[in-house]
Amino acid sequence: MSKVLYIKANSKPEELSRTFKISNAFVEAYKQFHPEDEVVTLDLYRENIGFLTEKDVLVHSEATDDSRQSIAVKYARQFRDFDKYIFAEPLWNLGVPAILKAYFDYISQVSITFKYSPTGPIGLCRGKKAINITTQGGAHSEDAATAQEHGNSYIKTMLNFFGIEDYKCISASKLDIIGMDVEAIVNKAIEEAKELAKSF
Ligand SMILES: Cc1cc2nc3c(=O)[nH]c(=O)nc-3n(C[C@H](O)[C@H](O)[C@H](O)COP(=O)(O)O)c2cc1C
């Protein structure tokens with residue numbers, strides 16, 4: 001049995017979010033194909049996520065996990081205890097919503113998700129896997145615009161830093177460009193999501 005953490009980062013109401021339409025379809029299909037697995041939803045806007053405090057920063061670099069107590073450490077331990085991760089967020093101002101960056105600040109903890117070594121940092125979440133489901137108003141995945149995109153690329157880089165190499169992304173773009181068939185783009189992404197849910 002695998003434990004799956006579904007991490008949602010969007011303040012838009014659930015029923016209006018194109019991102020959640022796709023990610024919820026992925027999760028529903030995943031549950032059908034993997035009925036024995038446990039899926040836990042972490043809606044960051046319903047969580048106690050804030051900016052790193054003085055206390056959070058002071059415990060951040062302590063070498064052992066045992067005695068550290070902070071909200072950030074609690075979230076890092078929770079993250080570590082899962083096997084698979086589903087991220088769902090829109091692109092905001094070329095990056096992830098700030099609350100998701102704050103969440104990564106929480107879960108990036110020495111001795112929990114990574115450790116230092118004489119040759120540099122080593123990820124402690126090896127063997128786990130992740131998928132990121134995202135939507136964009138424009139088309140940042142195309143050629144010259146790729147360099148501007150710091151949403152999916154940021155999540156992928158952070159997870160690689162934790163040792164997670166098995167990483168996929170479903171991205172529906174151009175959703176705010178006038179004249180685009182938004183429903184068709186979203187439906188295509190939903191079909192891709194349902195297909196990927198089989199093997200995730
Ligand atoms: C605050 C904000 C910032 C945004 N910044 C970008 C952006 O930098 N690039 C882009 O292509 N779309 C941008 N968008 C458009 C969203 O990515 C797009 O509408 C997305 O599909 C919204 O997903 P949702 O329906 O799940 O909320 C932005 C939207 C908002 C609300």
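## A walk through the predicted fold and its ligand site

Let's start with Asn93: this residue is exposed, because its relative accessible area is 80%. Before going further, keep in mind that this is a predicted model.

**Two residues with positive phi**

Asn93 sits in the loop between strand 3 and helix 4. As a rule, most residues other than glycine have a negative phi. Ser111 is another residue to look at here, with a positive phi near 75° in a residue that is not glycine. You'll find Ser111 in the loop between helix 4 and strand 4, the latter spanning 114-117. With a relative accessibility of 22%, Ser111 counts as partly exposed, because buried would need a value under 20%.

An N or O atom in the side chain of Thr19 comes to 2.6 Å from a ligand oxygen, and for the side chain of Asn10 the corresponding distance is 2.9 Å. How much of the ligand's accessible area does the protein cover? On its own the ligand has 640 Å² of accessible area, and the protein covers 76% of that.

The shell around the ligand is made of 18 residues. Ser17, Thr19, Thr135, Gly138 and Asp176 are the closest of them, so Thr19 shows up both in this group and in the 2.6 Å pair. Sorted by class, the shell splits into nine polar, six nonpolar and three charged residues.

Now for the inside of the protein.

**Cysteines**

How many disulfides does the model have? The count is zero. Take Cys125, which is in no disulfide: the nearest cysteine sulfur belongs to Cys169 and is 20 Å away. That pair can't count because the sulfurs would have to be within 2.5 Å. Cys125 is buried, given its 0% relative accessibility. Seen from the other end, Cys169 is in no disulfide either, and its nearest cysteine sulfur is that of Cys125, at 20 Å. Cys169 is partly exposed, because its relative accessibility is 27%.

**Pairs across the sequence**

| Pair | Apart in sequence | C-alpha to C-alpha distance |
|---|---|---|
| Asp56 and Asp105 | 49 residues | 9.5 Å |
| His34 and Phe200 | 166 residues | 9.3 Å |
| Lys198 and Gln32 | 166 residues | 8.7 Å |
| Ala197 and Ser171 | 26 residues | 15 Å |

A few words on where these residues sit. Asp56 belongs to helix 2, residues 54-60. Is Asp56 buried or exposed? Asp56 is buried, because its relative accessible area is 6%.

His34 is in the loop that runs between helix 1 (18-33) and strand 2 (38-43). His34 counts as buried as well, with a relative accessible area of 11%.

Helix 6, residues 182-199, holds Lys198, and Ala197 lies in helix 6 too. These sequence neighbours are worth looking at together. Ala197 is buried, at 0% relative accessibility, whereas Lys198 is partly exposed, with a relative accessible area of 43%.

Definitions and conventions: Residues are numbered from 1 along each chain as its sequence is written. This is a predicted model: local features need pLDDT of at least 70, side-chain atom pairs count only at pLDDT 80 or more; totals for chains, interfaces and linings use all residues. Side-chain values use heavy atoms; hydrogens and water are left out. A residue is near a molecule or strand if one of its heavy atoms lies within 4 Å of it. A polar contact is a pair of N or O atoms within 3.5 Å; within protein, one must be able to donate a hydrogen and the other to accept it, and residues adjacent in sequence count only if both atoms are side-chain atoms. Accessible areas come from the Shrake-Rupley method with a 1.4 Å probe; for residues, only the protein chains shown count as cover. Ala, Val, Leu, Ile, Met, Phe, Trp, Tyr, Cys and Pro count as nonpolar, Asp, Glu, Lys and Arg as charged, and the others, Gly among them, as polar. Buried means under 20% relative accessible area, exposed over 50%, partly exposed in between (1.4 Å probe, protein chains only). Helices (H or I, at least four residues) and strands (E, at least two) are DSSP runs, numbered from the N terminus.
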